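This report is an introduction for a reader who is meeting the structure below for the first time. Please look it over before going on to the sections that follow.

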Amino acid sequence: MPELPEVDHARVLIQKNLVHKIVLSVDCALDDNKVIRGCDVKDVHKELKGLQVRYVKRKGKYLYMKLDNGLDNHSTTTTTTTKYVLVHFGMTGSFVVKGIKPASYKSFTVDEDTWPPRFCKVRISFTDGTQLAFLDARRFGRFVVSQEDPEATPPISELGPDALLDLPDEKQLREMLLRRKRAKVKAVLLDQGFVSGIGNWVGDEVLYQSALHPEQPCESLTEAQVSALHGAISSVLGVATEVEAESSKFPPRWLFHYRWTGKKRARIEGVGEVKFLTVGGRTTAFVPAVQRKTSVRRPKEEVKVEEIKVEEGERKRKRRVKR
């Protein structure tokens, strides 16, 4: 499944090649109203024709574009038309621009030999000849045309902070995790309402790099463990987006390169064996030699002794106060 790095690569692709361009026509798979939402499949062309791509943004694993008929597209109409396209990639979704090598994925392949590519659900042609295709073999993705600003409406408005752009600081992250009590840390990271953008492979990678067992209860995490997790999230997402999700450029010691075995035995040389379990309903790769489950007791709260005054004769006494 495409996760934050792959979706951010799609954002960069559209930013570089489509922003400020004007839609000439839209061709859709007429038999697929599962992927295409917001209007009838037959009406997508009418909804988007003549509109100019103003911007493309990403939050978590969602990508969205704003299009309108602003003055700089030389429109003769006095009525402003604004549309938004919201996209979720599901299990096998991807964007391809004609003439540009598509992104590569570990879990599925993208057709490079034909145009429009196989499994194309939406093909948008622009007035300068550029073409964009949205592909989705398994049809779990969504391509939604709407008049409503995605940032103000579900599902975007219900997402947690973006794991790359708005990751809470270490103190805030620990407070958020402690509130999840006995929930397993991997399952919490997959919750898009907690932080958005972390999926299965990113979750496995950040836990491996922070030496945390995927089933470690959140309430048992120490300050040092949360600090390591915070650093791993920033590092993994930073590196993966910098190389535009091209996995061949990921550091060779990443768990990523050893997890795609269909649960067959694998080993990271000099580190340990890769094993698999199910957490949060997802197959989870981890290295027991590195990711040992620690005490499941909640760390003792730090206490301080402070002096307080009592009314009877201003006598002083001491008490232990949690902080």
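Which residues are buried in helix α3 (residues 170-179)? In this predicted model, the buried residues of α3 are Leu173, Met176, Leu177 and Leu178.

## The chain as a whole

The chain has 14 strands together with six helices, and of its 323 residues, 48% count as buried. When contacts between residues at least 6 apart in sequence are taken, 63% of them join residues that are at least 24 apart.

## Helix α3 and its ends

At the N-terminal end, α3 is capped by Asp169, which places a side-chain oxygen 3.2 Å from the backbone nitrogen of Lys171. Beyond the other end, just after α3, Lys181 adopts a positive phi of about 50°.

## How α5 meets α6

On the side of α5, the contact is made by Trp201, Val202, Glu205, Val206, Leu207 and Gln209, while α6 contributes Leu229, Ala232, Ile233, Ser235, Val236, Leu237 and Ala240. Sorted by class, the residues in this contact of α5 with α6 are 10 nonpolar, two polar and one charged.

## Ser210, between the two helices

The loop between α5 and α6 is where Ser210 is placed. Is Ser210 buried or exposed? Its relative accessible area is 8%, and because buried means under 20%, Ser210 counts as buried.

Two further descriptions show what surrounds this residue. A polar atom of the Ser210 side chain lies 2.6 Å from the backbone oxygen of Val206, and Val206 is also one of the α5 residues that make the contact with α6. Leaving aside neighbours within four places in sequence, Ser210 is in contact with Ala228, Leu229 and Ala232; of these, Leu229 and Ala232 are among the α6 residues in the contact with α5.

How values were computed:
Residues are numbered from 1 along each chain as its sequence is written. This is a predicted model: local features need pLDDT of at least 70, side-chain atom pairs count only at pLDDT 80 or more; totals for chains, interfaces and linings use all residues. Side-chain values use heavy atoms; hydrogens and water are left out. Buried means under 20% relative accessible area, exposed over 50%, partly exposed in between (1.4 Å probe, protein chains only). Helices (H or I, at least four residues) and strands (E, at least two) are DSSP runs, numbered from the N terminus. A polar contact is a pair of N or O atoms within 3.5 Å; within protein, one must be able to donate a hydrogen and the other to accept it, and residues adjacent in sequence count only if both atoms are side-chain atoms. Contact means heavy atoms within 4.5 Å. Ala, Val, Leu, Ile, Met, Phe, Trp, Tyr, Cys and Pro count as nonpolar, Asp, Glu, Lys and Arg as charged, and the others, Gly among them, as polar.
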